[in-house]
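Please look through the structure below before reading the notes.

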Amino acid sequence: MNPGLALLALLWRTTQVAVMITNTTAFLSVPAVLTDPDNTGRLDAGQLEALANTYIGIHTTGFSVGLILLGLGNAVFSYLLFKSRYVPKALATWGVFANIVLATFTMAVLVFPGAEDNAAIAVGRYVPVFFFEVILGCWLLFRGVRPS
């Protein structure tokens with residue numbers, strides 16, 4: 001095992017959690033901002049709508065940053081599963097691939113904002129990691145780990 005890689009993956013996942021918590025808190029504050037009497041008295045409906053759209057855009061970007069950190073951290077964890085042989089090598093390899101796809105495609109969506117309109121990117125970033133997570137969960141539930 002490689003403690004340095006495990007620490008790196010933990011750092012990425014911990015950062016991902018912090019980003020997602022902050023992102024969710026900011027997103028949940030939108031109704032309060034839009035219904036605040038101070039704002040509704042000073043801003044017209046168009047300005048309130050623009051403010052809401054700004055919050056939603058920031059939420060979308062924050063969510064994407066969280067997904068990138070999730071993909072990076074889980075790719076390293078999958079690599080460590082591969083090296084440990086706790087699960088079949090093919091499954092761990094699929095996990096590395098699926099999480100790199102998640103991180104890469106999500107980065108593409110951030111860099112090229114219209115990329116999410118492409119169905120291959122919109123669906124392709126989630127499908128491989130979905131199957132990895134479900135299969136890994138079932139494997140661990142029914143077979144457990146294979147101790148070295």
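**Notes on a helix pair and a salt bridge**

1. Helices here are DSSP runs (H or I, at least four residues), numbered from the N terminus.

2. This is a predicted model: local features need pLDDT of at least 70 and side-chain atom pairs pLDDT 80 or more, while totals for chains, interfaces and linings use all residues. Residues are numbered from 1 along each chain as its sequence is written, and side-chain values use heavy atoms, leaving out hydrogens and water.

3. At the start of H4, a side-chain oxygen of aspartate 44 comes to within 3.1 Å of the backbone nitrogen of glycine 46. After H4 comes arginine 85, with a positive phi near 65°.

4. H4 packs against helix H5 (residues 89–111) at an angle of about 160°, with the axes 8 Å apart. H4 is therefore roughly antiparallel to H5 (angles over 145 degrees count as such). Axes are lines fitted to C-alpha atoms over the stretch in contact, and angles run from 0 to 180 degrees between N-to-C directions.

5. How many salt bridges does a search of the whole structure find? It finds one, between the side chains of arginine 125 and glutamate 116, at 2.3 Å from N to O. The term means a side-chain nitrogen of Lys or Arg within 4 Å of a carboxyl oxygen of Asp or Glu.

6. Arginine 125 is buried, at 3% relative accessible area, whereas glutamate 116 is partly exposed, at 35%. Buried means under 20%, exposed over 50%, and partly exposed in between (1.4 Å probe, protein chains only).

Notes: A polar contact is a pair of N or O atoms within 3.5 Å; within protein, one must be able to donate a hydrogen and the other to accept it, and residues adjacent in sequence count only if both atoms are side-chain atoms. Helices (H or I, at least four residues) and strands (E, at least two) are DSSP runs, numbered from the N terminus. Angles under 35 degrees count as roughly parallel, over 145 as roughly antiparallel, 65 to 115 as roughly perpendicular and the rest as oblique.
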